[in-house]
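Please examine the sequence and the three-dimensional model shown below.

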Amino acid sequence: MTSKPVVLLAEELSPATVEALGPDFEIRQTDGSDRAQLLAAIVDVDAILVRSATQVDAEAIAAAPNLKVIARAGVGLDNVDIKAATQAGVMVVNAPTSNIISAAELTVGHILSLARHIPQASAALKGGEWKRSKYSGIELYEKKIGIIGLGRIGALVAARLQGFDTEILAYDPYITSARAAQLGVHLVTLDELLEQSDFITIHMPKTPETLGMLGEAAFKKMKSSAYVVNVARGGLVDEAALFTALQANEIAGAGVDVFVTEPSTDLPFFTLDNVVVTPHLGASTDEAQEKAGVSVAKSVRLALAGELVPDAVNVAGGVIAPEVRPGIPLIEKLGRIFTALTHDSLTQIEVEVAGEIASLDVKALELAALKGVFTDIVSEQVSYVNAPILAEQRGINTRLVTTPESEEYRNVLTIRGALSDGSQISVAGTLTGPKQIEKLVGVNGYDLEIPISEHLLVLLYQDRPGVIGTLGRLLGEKDINIAGMQVARNTEGGQALSLLTVDSAVPQDVLDALKEAIGATVAREVDLQS
């Protein structure tokens, strides 16, 4: 028997990955795509490294009682059951930044291919046809490139395309004008970007709000000479609407690397000559694959040493005081609620820790707060290490404040933010009772106390009789059950805030109906289930 922790490589990884693990582990290998081999090999391992072919599901996790960390050498985690891992106390890590350069370069490659018809001309020539005049293209010089989503990949695309002397337009509601100026791009509205751009590339997270973001209405606003590129997430571009727009010559062409269903080999727009498609190659470079392997190998070392793991996606690692650790999931949820309340770009975020734990090392709470804030607004995977970088990239000042003073609760965690329009927002939470129940205790200065649930509705409106009955009736008609409700107001007849916890997701059309029925200025759902 060996005293070294056992690390299982379930797929082929680079020599640099093994080297990054170092000599402190017993390294084993297996074919993770062979189910029987995997279940037999995982029984006594401490960590497993996979790519995309190995399914680390609840069955595999249950078969590995010693398992402490699952490492995915890449970005996507579709082959890892994160919920089962979390319930088993197993950390899941990935390599969220390993492919950003590769994805940005592929985006530029698609743009150049569309501009010069490179794939079509190559196929024609290889087929024995010399069609020089048919494949005359356009220059990128002085063209307007529209980038939807100016996160890490969007910013890299902008930097690379500036070398072609293009004008970069960008739409990102969470980027400040100061940060845009640093990147050399012009912030515009989404409609302005759609109407003015010669090439449009999208780099947004896939959320209910962004699903089908480039659809029928968007295509009708574009120039007939415009090209659309999606190397981000399948579903951001409505595939049926794209085919219709291309057939109707509403746009000039498209480059697509990601699809709603993968693999996809026979979508209708595949037959069109003005479309360039690739089989999800965003991370398919030798460099990206090696970066991914080395990155997760380092995370495995940290995890098995009990240290803070920057790229943990489900739990925070590291030497964190037992009194502080329960606040990590709470403040991450507060960050997501905070984001749902924003209506303009952020300029400052302050994280305050008040109470008994303020004397301890609470840096992890600031990281968790920032992770929560950015989880639903950027396309890349957010981790404890890249969250501060995301804030810096967006020109957002951040600071951690501690105070031993907490009047009503033993500890209170608060996130405050200043927006570019001069307004401020805040959310506060605490843990109560022996079971450490997560509760929301303040929103924008309103005092309240309500348990945090998977589905939370936030409504801001003018205080008046009948509103609560209207909300109950409309939600009841849609078979949406209210689990809890708190109402707070600044003055009688003034601004009122209602927080409702509900048992199921609230569709956007229902939110719209609620907003209209009570004349709300804010009507949003925070989905904390994902």
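Ser 299 is buried, as its relative accessible area is 4%; buried means under 20% relative accessible area, exposed over 50%, and partly exposed in between, with a 1.4 Å probe and protein chains only. The model is a predicted one, in which local features need pLDDT of at least 70 and side-chain atom pairs count only at pLDDT 80 or more, whereas totals for chains, interfaces and linings use all residues. Residues are numbered from 1 along each chain as its sequence is written, and side-chain values use heavy atoms, with hydrogens and water left out.

Ser 299 belongs to helix H12, residues 286-304. Helices (H or I, at least four residues) and strands (E, at least two) are DSSP runs, numbered from the N terminus. When neighbours within four places in sequence are left aside, Ser 299 is in contact with Val 93, Val 309 and Asp 311, contact meaning heavy atoms within 4.5 Å.

In soluble globular proteins, nonpolar side chains tend to be buried together. A nonpolar core is defined here as a set of buried Ala, Val, Leu, Ile, Met, Phe, Trp, Tyr and Cys residues joined through side-chain atoms within 4.5 Å. The largest such core in the model has 50 residues, and Ile 331, Leu 334, Leu 365, Phe 374, Val 427 and Leu 440 have the most contacts inside it. Helix H13 (residues 327-341) supplies the largest share of this core, namely eight residues. Apart from this core lies another, of 31 residues, which includes Met 204, Leu 214, Val 256 and Phe 269. Which residues does Phe 374 touch, not counting those up to four places away in sequence? They are Val 382, Ala 387, Leu 390, Ala 391, Arg 394 and Ile 396.

A helix pair may be considered next. Two packed helices are described by the angle between their axes and the distance between the axes. Helix H16 (residues 467-477) packs with helix H17 (residues 508-518) at an angle of about 155°, and their axes are 10 Å apart. Axes are lines fitted to C-alpha atoms, for helices over the stretch in contact, and angles run from 0 to 180 degrees between N-to-C directions. H16 and H17 are therefore roughly antiparallel to each other, a term that applies to angles over 145 degrees. On the side of H16, the contact is made by Val 467, Thr 470, Leu 471, Leu 474 and Leu 475, and on the side of H17 by Val 510, Ala 513, Leu 514, Ala 517 and Ile 518.

The remaining features lie in loops. Gly 137 is placed between helix H6 (118-126) and strand E6 (144-148) and is partly exposed, with a relative accessible area of 34%. Leaving aside neighbours within four places in sequence, Gly 137 is in contact with Ala 115, Arg 116 and His 117. The loop between H6 and E6 also holds Glu 142, whose phi is near 65°, a positive value in a residue other than glycine. Glu 142 is exposed, at 57% relative accessible area.

Asn 444 likewise has a positive phi, near 50°, in a residue other than glycine. Asn 444 is located in the loop between strand E17 (437-443) and strand E18 (446-451) and counts as partly exposed at 33% relative accessibility. Finally, the peptide bond from Glu 262 to Pro 263 is cis, with omega near 0°, and Pro 263 lies in the loop between strand E11 (253-256) and strand E12 (275-277).

Technical notes: Parallel < 35°, antiparallel > 145°, perpendicular 65-115°, else oblique.
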